[in-house]
Amino acid sequence: MASPEIVTTSSEQETLALGRRLAETLQPGTFVLLHGDLGAGKTAFVRGMAAGLGADPGDVSSPTFVLIQHYKGRVPLTHVDLYRLDSGAAVDDLGLEEMGNGAVVAIEWAERLPRPLDNSVTVKIEDLGGDSRRITVLR
Ligand code: ADP
Ligand code: MG
């Protein structure tokens with residue numbers, strides 16, 4: 001496995017830029033597993049990913065009630081938030097594996113996945129206080 005890339009960002013814009021840069025390198029069928037507390041910047045990172053995939057970053061929001069959103073781009077982006085799912089069985093029902101057909105899939109609260117997914121990149125975001133975030137990308 002490649003060594004992790006660890007970056008500290010000091011603004012939301014820098015986190016967007018990192019998400020954008022990562023997404024530009026991704027093939028359809030890749031799962032991006034986002035870990036981090038509420039407000040860490042997972043959705044911000046996905047907004048950057050949308051830009052990198054040629055989708056409209058303005059469409060990317062924190063899905064409060066919506067679990068799954070699809071964005072059209074050069075490569076389609078599927079955005080999943082598992083925050084409200086409390087059991088592995090419920091996650092199973094989503095059919096996550098199939099979502100990778102032809103799309104990049106970004107999953108917030110990936111710690112709730114019952115088992116690992118193939119073709120995944122893990123992104124861990126830690127709030128260091130203020131606007132600082134330590135972002136670890138493991139691919
Ligand atoms: P999450 O999806 O992890 O709950 P959001 O992306 O919705 O988090 O929110 C992150 C919040 O933190 C936003 O209000 C954003 O403006 C703020 N923020 C401050 N600094 C940063 C940073 N370096 N990277 C990302 N977000 C940041
Ligand atoms: Mg979020």
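A polar contact is a pair of N or O atoms within 3.5 Å; within protein, one atom must be able to donate a hydrogen and the other to accept it, and residues adjacent in sequence count only if both atoms are side-chain atoms. In this predicted model, local features need pLDDT of at least 70 and side-chain atom pairs count only at pLDDT 80 or more, while totals for chains, interfaces and linings use all residues. Residues are numbered from 1 along each chain as its sequence is written, chains are lettered from A and ligands numbered from 1 in the order in which they are written, and side-chain values use heavy atoms, with hydrogens and water left out.

**Arg 133**

A polar atom of the Arg 133 side chain lies 3.4 Å from the backbone oxygen of Gly 39. Arg 133 belongs to strand β7 (residues 132–138); helices (H or I, at least four residues) and strands (E, at least two) are DSSP runs, numbered from the N terminus. Arg 133 counts as buried because its relative accessibility is 14%. Buried means under 20% relative accessible area, exposed over 50%, and partly exposed in between (1.4 Å probe, protein chains only). Beyond four places in sequence, Arg 133 touches residues including Val 7, Thr 9, Ala 40 and Ile 125, where contact means heavy atoms within 4.5 Å.

**Helix α2 and the cores**

In α2, 9 of the 11 residues are buried, and these pack against α1, β2, β4, β5, β6 and β7. After the helix comes Gly 54, with a positive phi near 85°.

A nonpolar core is a set of buried Ala, Val, Leu, Ile, Met, Phe, Trp, Tyr and Cys residues joined through side-chain atoms within 4.5 Å. The largest has 24 residues, of which Phe 45, Met 49, Leu 77 and Val 123 touch the most other members. α2 gives the most to this core, with 4 residues. Apart from it lies another core of 15 residues, among them Val 80, Met 99, Ala 110 and Leu 113.

**Strand β2**

Strand β2 is largely enclosed by the rest of the structure, because 4 of its 5 residues are buried. Two strands pair if DSSP finds at least two bridges between them. The pairings of β2 are listed below.

| Strands | Sense | Bridges | Opposite residues |
|---|---|---|---|
| β2 and β5 | parallel | 4 bridges | Val 32 and Ala 106 |
| β2 and β6 | parallel | 5 bridges | Leu 34 and Val 123 |

**Aromatic pair**

The structure holds 1 aromatic pair. Tyr 83 and Trp 109 form this tilted pair, 5.0 Å centre to centre with 40° between the planes. Rings of Phe, Tyr and Trp (its six-membered ring) pair if their centres lie within 6.5 Å; planes under 30 degrees apart count as stacked, over 60 as edge-to-face and the rest as tilted. Tyr 83 is partly exposed, at 36% relative accessible area, whereas Trp 109 is buried, at 10%.
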